[in-house]
Structure formats: C-alpha cells, structure tokens
Amino acid sequence: MADLAPSILSADFKCLEKQLKLIESAGINRIHIDVMDGEFVPNISLGFPVIKAIRPCTNMEFDVHLMVKNPERFIISAANAGADIITVHQEACSHLPRVLAQIKETGCKAGIALNPATSPETLKYVVRDACQILLMTVNPGFGGQIFINGMMKKIKECKAFLQAMGCNPYLELDGGITIENALECIQNGANILVTGSSIFNGDIQNNIKQFQTILEQEEQNIC
Ligand code: DX5
Ligand code: ZN
C-alpha cells in the first residue's frame, strides 16, 4: 500500500514533539524532513541539531531531504542526527554515485531527488544505487505550493522508466499533494506521498484519516 510522509516543514515548530507524537499515534511511520541551504533552494528551514533533538521523540522513520548544494558535505551530519533515509538532488551533486555510496556507508538508505524540469532518464546509470526516487512536484523550497500539472505525466513516465530498467525503488512525490490529487498520484505509480500543508493545516488527525481512506480504497482496488 502507498504510504504518507508528513513534511515537518509545515508543522508548528513551537510544539514539534507534540505534533510528532500526534501523527505517529494516527498511524504514520515516516516523517519527511527538509534541510535547505538558501542556495540550492531560495529558503532556509532547519538543521541537524533540530533533527537530533527530535530523534528521541518518535520511532517514525526520518526521511531527510537534503535540498543543498554539494550534499556530500552533510551526509555524516545527517546520519549522526538520526536520519534513516537520506535523499540528495541529482542537480546538486557533481559525482552522484560517490554521494550515494557515502550515504550507504553510514548505514542509511539512499534516495535521489529530481526537480520538476529534470528527466528521470538522467538517472539511467545510477538508479540501481537508490532505494527511492523523489520527484519534486513543485519547485523546491517552500510548503503550500500548487502541484505542477505536467508532473502527473512525469510520474507515469518515471514509473515506466523504472520498470524498463528492471528496478523497483520507492517512488516518492513531494509538493502540492492534496486529498484531491492523491488518488491519481498513486494510480500513476507513487508509493510515498509527502504531505506538508494538507496534513498540518487544520485538524491534523482528521486530515491523516482522509488520506488514509484514499490509500486504503486504492489498495482494495488493486487487490
Ligand atoms: C518543498 C518541500 C516539501 C514541502 C511540501 O520544497 O520539499 O517537503 O514541505 O509541502 P506541501 O505538501 O505543503 O507542498
Ligand atoms: Zn521535501
């Protein structure tokens, strides 16, 4: 079944522990954490001391999305802070296979992210080294943006590309995912939906329940 990964970027930072416990008790097992450098993306979010501080608050997997240039500088810090999965941008790495190997050496799972304008074909020679491919469905850097329409086609094409390559990493989508478009995203091949504002704005537990209902329905259709 496809899964949800709420994005901490939209959480209430003054009560992070409470919010993490709330989403975990609603059945969430993965939290998405964006780290930004103000250079690869035009924003700054949170850093490794914060990740380290919240690590003991929850058993959820930490899905750390490094939206930074030359992420090899921060792999050890991310792992030491408690990351389980570290995803780097193809566009941010001069030597992507080396960075993926570096992530795996820390014991973390390695993911590759692609900006909206980057083709999945660019991963032809490295895709087998990743356990997940993250497709940005908005321009990275901010929560609460609108899903870019052309991305539905890209999700399908990426799924087909992965199948043609004979590998099956998780396909994660990030940005602009809502109750309205979640079903189509899964039907097109997504395994993990990163959801920021549509989880943390309003009634968090009710929002999660609505997404879970969609995921369960789709699971029943598949079976
Ligand atoms: C955007 C970040 C996302 C963001 C998603 O650049 O990578 O993880 O938090 O937020 P929503 O779901 O609000 O688009
Ligand atoms: Zn992200």
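Which exposed residues does the face of H4 turned away from its buried side carry? In this predicted model, that face carries Arg98 and Glu105. Helix H4 spans residues 96-105, and its buried residues are Leu96, Val99, Leu100 and Ile103. These four lie on the same side of H4, because they cover an arc of only 100° around the axis. With a relative accessible area under 20% as the criterion for burial, the helix thus presents a buried side, formed by these residues, and an opposite face with Arg98 and Glu105 exposed.

After H4 comes glycine 107, which has a positive phi near 95°.

Strands S4 and S5 belong to an open sheet of 8 strands, arranged in the order S1-S8-S7-S6-S5-S4-S3-S2 with parallel pairing. Strand S1 (3-6) and strand S2 (30-36) form the edges, each pairing on one side only. On average, neighbouring strands of this sheet are turned by 25° against each other, direction ignored.

Strands of a sheet pair through backbone hydrogen bonds, in either a parallel or an antiparallel sense. The pairing of strand S3 (residues 61-67) with S4 is parallel and extends over 4 bridges. Histidine 65 has threonine 87 in S4 as its bridge partner. H4 packs on the sheet, where it touches S4 and S5, and the direction of H4 makes about 145° with that of S5.

Methods
Residues are numbered from 1 along each chain as its sequence is written. Chains are lettered from A and ligands numbered from 1 in the order in which they are written. This is a predicted model: local features need pLDDT of at least 70, side-chain atom pairs count only at pLDDT 80 or more; totals for chains, interfaces and linings use all residues. Side-chain values use heavy atoms; hydrogens and water are left out. Buried means under 20% relative accessible area, exposed over 50%, partly exposed in between (1.4 Å probe, protein chains only). Helices (H or I, at least four residues) and strands (E, at least two) are DSSP runs, numbered from the N terminus. The arc is that of the directions from the helix axis to the C-beta atoms. Two strands pair if DSSP finds at least two bridges between them. Axes are lines fitted to C-alpha atoms, for helices over the stretch in contact, and angles run from 0 to 180 degrees between N-to-C directions. Contact means heavy atoms within 4.5 Å.
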